[in-house]
Structure formats: C-alpha cells, structure tokens
Amino acid sequence: MSSEQGSVGIVETQYRTFAEPPNHLELECGRKLGPITLAYETYGHLNSAKSNAILVIHALTGDAHAAGRHQLSDRKPGWWDNMIGPGKAFDTDKYFVICSNCIGGCKGSTGPSSINPETDAPYGLDFPMVTIGDMVHAQKLLVDSMGIDQLLCVVGGSMGGMQVLQWAKEYPDMMRLVIPIASSARLSPHAIAFDAVGRHAIMADPNWSDGNYYGRAVPSRGLGIARMIGHITYLSDASMHTKFGRHLQDKACPDYDFVTEFQVESYLNYQGDEFVKRFDANSYLYLSKAMDYFDLSQPEGDLRKALSAVRAASLVVSFSSDWLFPSYMSKEIVSALRRNNVDVSYAEIQSDYGHDAFLLEVETLGRLITNFLEYAGPRSSDER
Amino acid sequence: MSVEMRTISSSNGDLRPEYQFIVDTVKPGSSVLDLGCGGGELMKALQKQKRARVQGIELSDVAVQSCVEKGLFVYHGDLNEGLADFNDNSVDYVILTSTIQVLQRPDLLILEAGRVGKQCVISVPNFGYWRVRLQLMFQGVMPKTSRLPYEWYDTPNIHLTTISDFTRFCRQNNLRIIDKTYLVVGEKECKRVRAFPNFFADYGIFVLRREDRASETD
C-alpha cells in the first residue's frame with residue numbers, strides 16, 4: 001500500500017429506526033416485523049455526487065463497529081480496522097464507508113433480545129425467523145435513508161458475503177462493484193451440521209428455558225460451547241499446528257485428569273468465555289439459522305438463472321485452507337457470473353489461516369481490494 | 001506454472017515484441033479470453049489498442065494480483081480444468097501465448113479453445129529451431145535458449161512442440177490455420193522468417209478456426 005496508513009480515530013455507533021407503525025417489514029417467513037432499528041457506523045465523507053459509498057457487511061457474530069475506537073482506552077479497534085482507514089484498502093480519504101449491523105443480532109439492531117412493542121418484554125423466541133434476504137431488505141432502508149442511489153461497492157466476508165450476494169441479486173442497480181469474501185451462495189450441509197450442534201448446545205443448557213432467560217441467568221455454558229465449535233471451524237489443521245501444536249497449557253507434564261490440558265483447549269475455553277460476555281444466545285440461534293436457510297439459487301432452482309440480473313463487476317475471493325467455505329463454493333459463484341457474461345475476477349489466496357483468513361490476510365486481500373476499487377470502479381476502465 | 005515464462009517479461013512493463021503481432025491480429029471491439037494470461041500485459045494492450053473486452057485465466061497468484069492492478073478481470077485457476085463455463089462460439093478470440101507447452105494435456109485445451117473461440121490465436125516456442133537442434137546434436141544436452149531457459153529437471157515446459165508438429169496437429173484435428181507468423185524473437189524486436197520456418201524460426205503464431213465452422217464466420 002502506497003500512502004501513509006492511519007486510523008479513522010474515535011467513532012460512534014449510530015442507530016436508525018424504520019418500519020415504524022403503521023409500516024412494517026414483510027419477512028420472507030410470512031411474518032411482519034416493525035419497528036426495526038439498525039446499528040451502523042460510517043467512516044470518511046460522502047462526496048457531493050454520493051458516488052463513493054461502500055457498504056461493509058460483517059460476519060455471523062460481528063457488529064457495526066468495523067474501524068477505529070469508541071474510546072481512546074479501548075483495547076481493540078473495530079473488527080476490520082486493518083482494512084478501513086486513511087491509506088488502507090477501504091481508503092477513508094476517498095471512500096465513504098458504511099458498516100451495517102443486521103436484524104436478528106444483538107449489537108444494537110432489532111433482534112430477539114429487543115423489546116417486543118406488543119408485550120413490552122424481550123421477544124425471545126417470539127421473534128420471527130429472519131433470513132439473509134430480510135437482513136438485506138433492512139439494510140436497503142438504511143442506505144435509502146442516506147439518499148444514496150447507488151453504492152460504489154458492497155463487500156463482506158462469510159455471512160457478510162452472503163448478504164453481498166443477496167444485495168447483488170435483489171438490487172442489481174444499487175451498486176457498481178461487489179466483493180464477496182470467503183463466502184458461498186448456499187451453506188454446505190457440512191457447515192449446517194456444525195451450526196446445528198452449536199444450537200443444540202445452547203438449547204440443552206437448562207438456563208436457556210425456551211429462550212426466556214432475559215433478566216435471569218443466561219445460557220452461557222451452551223453459548224460458550226457453540227462458540228468453541230465455531231472457532232474450530234474458523235481455524236485449519238495447519239493453523240492449529242502453528243498456533244498450539246500439542247503444547248500443554250501452563251504445565252510441563254499432563255495431569256491425567258479431565259482438566260484443561262492442551263493449549264488448544266485453553267484457547268477454546270477462553271474464546272467461549274469471552275464470547276458469552278458480548279453475545280446473546282438467542283441471536284446466535286437466529287443468525288445461524290439464517291445462514292442455514294440461505295440458498296441464493298432458490299426459488300429459481302439454478303444459480304446462474306438466480307443471478308441473471310446481476311450487473312455489478314465482482315471480485316470473488318476465497319482462501320486455500322478455508323474448509324467452512326471452501327474455494328469450490330466461491331468458484332460456483334464465479335461460474336454462474338461468468339456464464340451470465342458479468343465481469344468477474346476470482347482469486348484464491350494461499351493461506352493457512354482457514355476461514356479466519358479473511359480477517360488476517362490483510363496484505364494480500366488489501367492489495368486486491370485496493371486495486372479492484374481503484375481500477376474496476378471507474379465506469380470506463382478502458383481509459384486508463 | 002504457465003506464468004513462469006511470462007514473469008520474465010512482466011517486470012519491464014513493456015509489451016513483448018512478439019505480442020504486438022497478436023494484438024495486430026485482433027479486430028477492434030472483439031471479446032478475448034486469454035488462457036494463461038500472466039500479469040495481463042497482452043490483455044492490457046488489447047484493451048488499449050483494440051478496445052477489446054478481455055478476460056483471462058491464470059494460475060499464479062502473483063500474476064493474478066498484477067491483472068487486478070491493471071483493472072483487468074481474471075480467474076485464478078488451472079487451465080487443466082478446462083473451459084466448462086464457456087459456451088461454444090462465445091468468445092471472438094481465445095488466446096494461448098506460450099502456454100500450451102506447460103499443460104498436462106495441451107491437445108484437450110486446444111480443442112476446448114477451438115470450441116469456445118470463433119478464432120484461436122496460439123503461439124508456440126519452436127523446438128525445431130536450429131539452435132535447439134545444434135545443442136542436442138553437438139553437445140548432446142537438453143537444449144536451453146533465451147526462450148526456453150530452464151534445466152531439464154525444473155522446466156515447466158513439459159510438452160514442447162515444433163512448428164511442424166503443431167501444424168500437423170491442427171490438420172488432424174480439423175483446425176484450419178487461417179493465418180500464421182513465424183518469428184525469431186529478440187529482446188526488443190522480432191524478425192519474420194519466411195523460408196523453412198521449422199528450422200529458422202524460434203516462435204510461431206497461429207490463427208486457427210475450427211474447420212466445421214470455417215465457412216459460417218467468414
């Protein structure tokens with residue numbers, strides 16, 4: 001990267017509410033939801049033509065806080081801070097970056113832990129099943145409310161990438177470029193299986209009580225186990241060898257007991273414990289379900305047909321060691337787009353980081369994105 | 001692997017002199033699929049000089065980055081996997097420059113290129129070139145030239161051919177050679193070879209069209 005890289009500095013999560021009575025959002029499951037609040041953050045400045053806006057969509061357990069810090073004392077910046085900022089891949093000196101949270105979550109947007117206006121109590125399992133499509137419909141309301149007619153780019157990884165593809169399918173005129181990263185047009189049965197085990201862990205926790213645990217002890221044991229399973233799927237065999245090997249945790253000899261022995265166990269415990277402090281178990285159920293249901297090829301029955309309206313030039317990226325969203329799934333997307341004669345680039349980045357690579361392969365991914373935005377962005381790329 | 005030959009040139013940024021012959025072959029405004037496109041130098045020239053709608057397929061991640069850097073669309077993948085995504089006759093030109101010799105089955109890809117492209121432009125380094133022959137004849141060693149600089153054990157060029165072999169292959173597979181250019185390629189410029197090309201040329205560029213549709217696209 002050429003220029004000096006910086007931080008977007010101190011940022012604040014913002015909220016907008018839509019579908020207020022008498023309006024509501026029609027959900028794909030047939031039920032209605034409203035009002036809907038979305039949490040989002042923005043970085044950089046929208047130009048006068050409103051043509052430099054990039055929508056960033058996060059993964060399963062992410063949030064709107066993608067870059068910068070809320071307070072100087074924050075230990076960590078936003079989840080994609082290494083990619084968003086002055087001189088970075090999403091250069092906030094050039095682009096206006098919006099990171100939107102999604103409905104169903106627990107990070108400031110309407111979800112199962114929100115208050116149900118009909119009962120004045122948290123929704124819990126009364127919250128309707130939301131889909132990736134519903135999340136995108138809500139985000140469209142957000143983008144419309146900013147007066148943006150066309151986004152320069154919609155980008156996201158994993159579940160965020162699914163939303164990117166949904167955006168491209170449903171609102172083909174709303175963006176010039178799309179970048180789905182480590183993603184898929186439909187979740188594999190393999191991944192659905194891991195999600196199911198995670199949900200079983202939550203629902204088997206006695207504290208879960210059919211989702212009515214708000215104000216009481218939360219199902220942290222179950223949610224922690226779900227997170228541990230998730231983390232296994234985000235790593236790779238190679239990255240586990242590098243990160244932990246067979247090393248014991250804080251001991252020279254094993255205790256021959258059912259305590260935490262290996263470093264990898266300790267890591268998973270830690271990830272589970274940290275996660276339950278910041279995430280709602282019901283949201284985990286709903287969001288993972290939304291991923292499971294996602295199949296972009298439906299109802300058309302064929303991915304190429306389903307994507308026939310897509311016009312945005314695309315950069316599809318996968319990672320060689322990602323076994324949760326393997327490269328063949330990205331190639332499936334590319335194949336459909338190519339057969340529709342859409343401009344598309346595909347790159348498989350060599351990485352040992354597994355699915356997590358989309359957050360870690362900053363240099364390679366950053367360079368691809370910088371150039372794609374820079375050179376594929378202008379309408380007449382021939383003139384360069 | 002196909003790019004190893006290309007990256008020799010991709011550093012200097014200028015178009016290799018033999019590529020200009022290929023650019024000159026392509027009609028303005030055409031669609032082009034460059035198989036083993038390397039860093040995209042040829043595609044960029046086609047885009048600039050011929051306003052061609054170009055896309056490439058390339059195996060090397062470094063070269064894929066270079067393509068994206070040039071604003072080109074490229075598929076990071078292995079040519080040995082074929083061209084299943086492309087319909088018959090769907091591209092004006094399928095281009096294979098200095099690429100077929102690195103493939104596991106060059107015959108299959110050439111036939112695929114013939115299926116997908118209304119025309120194919122295929123260039124090959126000529127193993128029948130006299131300097132190559134002399135090295136084998138007098139030194140008894142596997143020939144090395146500026147065009148084929150590798151040792152026998154590390155060369156990506158596993159299916160080398162001669163101009164005569166290639167011409168015969170085309171004839172046997174209903175690929176009509178509608179144009180051909182024989183060259184001795186230098187650093188800065190190329191010399192055309194007219195007589196005994198299989199002996200005097202180190203490079204051949206062929207424009208092919210599948211015989212069964214030779215009449216319909218004229």
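Trainee: Is A:Ala19 buried or exposed?
Mentor: A:Ala19 is buried, with a relative accessible area of 13%. Buried means under 20% relative accessible area, exposed over 50%, partly exposed in between (1.4 Å probe, protein chains only).

Trainee: What am I looking at here?
Mentor: This is a predicted model, where local features need pLDDT of at least 70, side-chain atom pairs count only at pLDDT 80 or more, and totals for chains, interfaces and linings use all residues. Residues are numbered from 1 along each chain as its sequence is written, chains are lettered from A and ligands numbered from 1 in the order in which they are written, and side-chain values use heavy atoms, with hydrogens and water left out.

Trainee: Back to A:Ala19. Where does it lie?
Mentor: A:Ala19 lies in the loop between S1 and S2 of chain A. Helices (H or I, at least four residues) and strands (E, at least two) are DSSP runs, numbered from the N terminus.

Trainee: What about the phi of A:Ala19?
Mentor: The phi of A:Ala19 is positive, about 50°, although this residue is not a glycine. Most residues other than glycine have a negative phi, and most peptide bonds are trans.

Trainee: Which peptide bond is cis in that loop?
Mentor: The bond joining A:Pro21 and A:Pro22 is cis, with omega about 5°. A:Pro22 sits in the loop between strand S1 (14-18) and strand S2 (25-26) of chain A. Another cis bond joins A:Gln298 and A:Pro299, with omega about 5°. A:Pro299 is in the loop between helix H7 (281-293) and helix H8 (303-306) of chain A.

Trainee: And in chain B, what is the phi of B:Asn89?
Mentor: B:Asn89 has a positive phi of about 65° and is not a glycine. B:Asn89 is in the loop between strand S3 (73-76) and strand S4 (91-97) of chain B. Its relative accessible area is 25%, so B:Asn89 counts as partly exposed.

Trainee: New topic. How many disulfides are there?
Mentor: Zero, over all chains. A disulfide is a pair of cysteine sulfur atoms within 2.5 Å. For A:Cys102, the nearest cysteine sulfur is that of A:Cys106, 9.2 Å away.

Trainee: How is chain A built overall?
Mentor: Chain A has 11 helices and 14 strands. Its C-alpha trace spans about 70 × 55 × 50 Å along its principal axes. Buried residues are 55% of its 384 residues.

Trainee: How does the radius of gyration of chain A fit a compact globule?
Mentor: A compact globule of 384 residues would have a radius near 21 Å, and chain A has 21 Å, so the two agree. The radius is taken over C-alpha atoms, and the globule rule is 2.2 Å times the number of residues to the power 0.38.

Trainee: And chain B?
Mentor: Chain B has eight helices and eight strands. Buried residues are 54% of the 218.

Trainee: Last one. What does B:Ala45 touch?
Mentor: Leaving out residues up to four places away in sequence, B:Ala45 touches B:Leu15, B:Val23 and B:Lys50. Contact means heavy atoms within 4.5 Å. B:Ala45 is in helix H3 (residues 41-50) of chain B. B:Ala45 is buried, at 9% relative accessibility.
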